Amino acid sequence: KAQMEIENVIIDLVNYWVAKTGITRLCLAGGVFLNSIINYQILEKTDIKEIYIQPAATDDGTAIGYAYIGYYKILQSTNRCKLQNVYLGKTYENIEIESALKLYEIPYEFINDIEHKAAECINENKVVAWYQGRSEFGPRALGNRSILASPLSAALRDRINSDIKRRESFRPFAPAVIEEEASKYFKLIC
């Protein structure tokens, strides 16, 4: 019920402002816009043609706003500035990771062909904790810090929610496919 109510309010607001301004490109920020169902409904039930959801929905997103104020107002730049990627956080070298694993007595092995090994594990209905490169800016895992698992097992989904993430069972998961196959599984808008 709450999901439907918030969807209705947002759709009404978007429709109101599109009618008032004629603008069909929308930029959104804030925690409610991490709700993929609402974002889909905006595209389906309004005249919005393009949508951008800023990924840092918590207080860290405020820093982006202030940076833009500084860039455009204080520095008086007229160049458009765009967030190129969300991988802005810290990265760790293998030696640092190995030290942490040893400190906490976590068994590990170094694997050269890690992508192949991860695919094997997922195919065997195992859960993979994926950790690589710089961490993502914002509260969502976008590939460098992720829990990976096969989407074919409801029991595995329930295990991830209850034992690993320790969260409510209704929480959604984000599917991942290679770019060349995306149109087979998703309605692409751009």
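Here is a walk through this structure, from the whole chain down to a few single residues.

What you see is a predicted model, where local features need pLDDT of at least 70 and side-chain atom pairs count only at pLDDT 80 or more, while totals for chains, interfaces and linings use all residues. Residues are numbered from 1 along each chain as its sequence is written, and side-chain values use heavy atoms, with hydrogens and water left out.

Let's start with the big picture. The protein chain has seven helices and four strands; helices (H or I, at least four residues) and strands (E, at least two) are DSSP runs, numbered from the N terminus. Read from the N terminus on, the elements go α-β-α-β-α-α-α-β-β-α-α.

Now for the overall dimensions. Taken along the principal axes, the C-alpha atoms of the protein chain fill a box of roughly 60 × 45 × 35 Å. The radius of gyration of the protein chain is 20 Å, whereas a compact globule of 190 residues would come out near 16 Å. That radius is taken over C-alpha atoms, and the globule rule is 2.2 Å times the number of residues to the power 0.38.

What about the surface? The accessible surface of the protein chain is about 14,700 Å², and 56% of that belongs to carbon and sulfur atoms (areas come from the Shrake-Rupley method with a 1.4 Å probe; for residues, only the protein chains shown count as cover). Of the 190 residues in the protein chain, 19% are buried. Here, buried means under 20% relative accessible area, exposed means over 50%, and partly exposed is in between (1.4 Å probe, protein chains only).

The protein chain carries 23 positive and 24 negative charges, and their mean positions are 6 Å apart. Lys and Arg count as positive and Asp and Glu as negative, with His and the chain ends not counted; the place of a charge is NZ of Lys, CZ of Arg, CG of Asp or CD of Glu. As for contacts (heavy atoms within 4.5 Å), take those in the protein chain between residues at least 6 apart in sequence: 49% of them join residues at least 24 apart.

Time to zoom in. Ile48 sits in the loop between helix 2 (36-45) and strand 2 (50-53). Its relative accessibility is 5%, so Ile48 counts as buried. Setting aside residues up to four places away in sequence, Ile48 touches Val14, Val18, Ile23, Thr24, Arg25, Leu26, Ile42 and Leu43. Glu115, on the other hand, is 67 residues from Ile48 in sequence and 38 Å from it in space, C-alpha to C-alpha.

Gly61, Ile64 and Gly70 are buried in helix 3. After the helix comes Gln76, with a positive phi near 55°. Ser77 lies in the loop between helix 3 (60-74) and helix 4 (94-103). Because its relative accessibility is 18%, Ser77 counts as buried. Its contacts, not counting residues up to four places away in sequence, are Tyr71 and Tyr72.

Two other loops also hold a positive phi. Most residues other than glycine have a negative phi. Glu105, though, has a positive phi near 55°. Glu105 is in the loop between helix 4 and helix 5 (114-123), and at 70% relative accessibility it counts as exposed. Asn125 has a positive phi as well, near 60°. Asn125 is in the loop between helix 5 and strand 3 (128-131) and is partly exposed, with a relative accessible area of 40%.

Lys126 is found in the loop between helix 5 and strand 3 too. Its 41% relative accessibility makes Lys126 partly exposed. Leaving aside neighbours within four places in sequence, Lys126 is in contact with Cys121, Leu148 and Ala149. Ala29 is 97 residues from Lys126 along the chain, and their C-alpha atoms are separated by 34 Å.

The last stop is Arg159, in helix 6 (residues 154-164). Arg159 is partly exposed, at 40% relative accessibility. It touches Val127 and Ile164, again not counting residues up to four places away in sequence. Between the C-alpha atoms of Arg159 and Thr58, 101 residues apart along the chain, the separation is 27 Å.
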